[in-house]
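Subject: Model handover and findings

Hi,

Here is the structure you asked for. My notes follow below it.

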Amino acid sequence: MTYNQLIKYLTDLLQSHAMIKSVENQSPQEWFGVTTRDIQFPVACFTSGSGSLNKGQLQNYNVTFWFLDKSGQEGLFEKDVVSDQHGIAYDIITRARVEDQPWIVPDDINFDVAFGQFEDYISGVTLTIDLETNSNFTACDMPLQ
């Protein structure tokens with residue numbers, strides 16, 4: 001799987017959830033405060049900035065997800081928002097584990113609660129996973145001069 005394929009698969013997966021209104025292929029720190037007015041909440045963000053190229057055709061992509069929503073003035077609904085975003089994250093991970101996906105999701109995934117980490121009382125959950133994929137390329141596919 002190429003990096004571009006990964007981005008497309010993850011974007012499609014996140015957009016398939018009825019409660020997610022926006023999907024961003026960047027961290028909240030990259031867009032928050034600049035384009036917040038264009039973001040519809042709840043929002044799912046993801047980045048993949050590292051991974052590993054393993055023996056054979058195996059490769060891993062290290063992907064961080066944020067599931068965020070506004071929690072009201074002074075964070076009044078913060079616990080409810082975190083609970084809802086945790087449920088969305090669980091739905092996405094469950095769907096990512098089905099057999100017809102182009103990756104293997106690890107059995108154990110840790111998450112962190114994001115209480116008011118951003119302006120406008122945005123809360124939710126974040127998690128990082130390693131997606132194991134197969135490459136379609138072999139050494140025989142390498143262009144030579």
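Leaving aside neighbours within four places in sequence, which residues is leucine 14 in contact with? They are Ile20, Val23, Ala44, Phe46, Phe65, Phe67 and Ile92. Contact means heavy atoms within 4.5 Å.

Some ground rules. This is a predicted model: local features need pLDDT of at least 70, side-chain atom pairs count only at pLDDT 80 or more, and totals for chains, interfaces and linings use all residues. Numbering starts from 1 along each chain as its sequence is written, and side-chain values use heavy atoms, with hydrogens and water left out.

**Cores**

The largest nonpolar core has 26 residues. Leu14, Phe65, Phe67 and Trp103 touch the most other members. A nonpolar core is a set of buried Ala, Val, Leu, Ile, Met, Phe, Trp, Tyr and Cys residues joined through side-chain atoms within 4.5 Å. Buried means under 20% relative accessible area, exposed over 50%, and partly exposed in between (1.4 Å probe, protein chains only).

Which elements give two or more residues to this core? They are helix H1 (3-15), strand S2 (43-53), strand S3 (58-70), helix H3 (78-96) and strand S6 (122-134). H3 gives the largest share, six residues. Helices (H or I, at least four residues) and strands (E, at least two) are DSSP runs, numbered from the N terminus.

**Aromatic pairs**

The count comes to four aromatic pairs. Rings of Phe, Tyr and Trp (its six-membered ring) pair if their centres lie within 6.5 Å; planes under 30 degrees apart count as stacked, over 60 as edge-to-face and the rest as tilted.

One of the pairs joins tyrosine 3 and tyrosine 61. This pair is tilted, at 6.4 Å centre to centre and 50° between the planes. Tyrosine 3 sits in helix H1 and tyrosine 61 in strand S3, 58 residues apart. Tyrosine 61 counts as buried, at 11%.

Phenylalanine 46 and phenylalanine 65 form another tilted pair: 6.3 Å between centres, 35° between planes. Phenylalanine 46 is in strand S2 and phenylalanine 65 in strand S3, 19 residues apart. Phenylalanine 46 is buried, with a relative accessible area of 0%. Phenylalanine 65 is buried too, at 2%. Together with Phe67, Phe46 and Phe65 form one aromatic cluster.

**Salt bridge**

How many salt bridges does the structure hold? One. The side chains of aspartate 12 and lysine 8 meet in it, at 2.7 Å, N to O. A salt bridge is a side-chain nitrogen of Lys or Arg within 4 Å of a carboxyl oxygen of Asp or Glu. Aspartate 12 and lysine 8 are separated by about one helical turn, because they are four residues apart in helix H1. Aspartate 12 is partly exposed, at 36% relative accessible area.

Isoleucine 109 is in the loop between strand S4 (103-104) and S5. Its relative accessible area is 22%, so isoleucine 109 is partly exposed. Not counting residues up to four places away in sequence, isoleucine 109 touches Ile93, Arg97, Leu127, Thr128 and Ile129. Isoleucine 109 and aspartate 130 are 21 residues apart in sequence and 9.2 Å apart in space, C-alpha to C-alpha.

Valine 113 lies in strand S5 (residues 111-118). Valine 113 is partly exposed, at 35% relative accessible area.

Best regards
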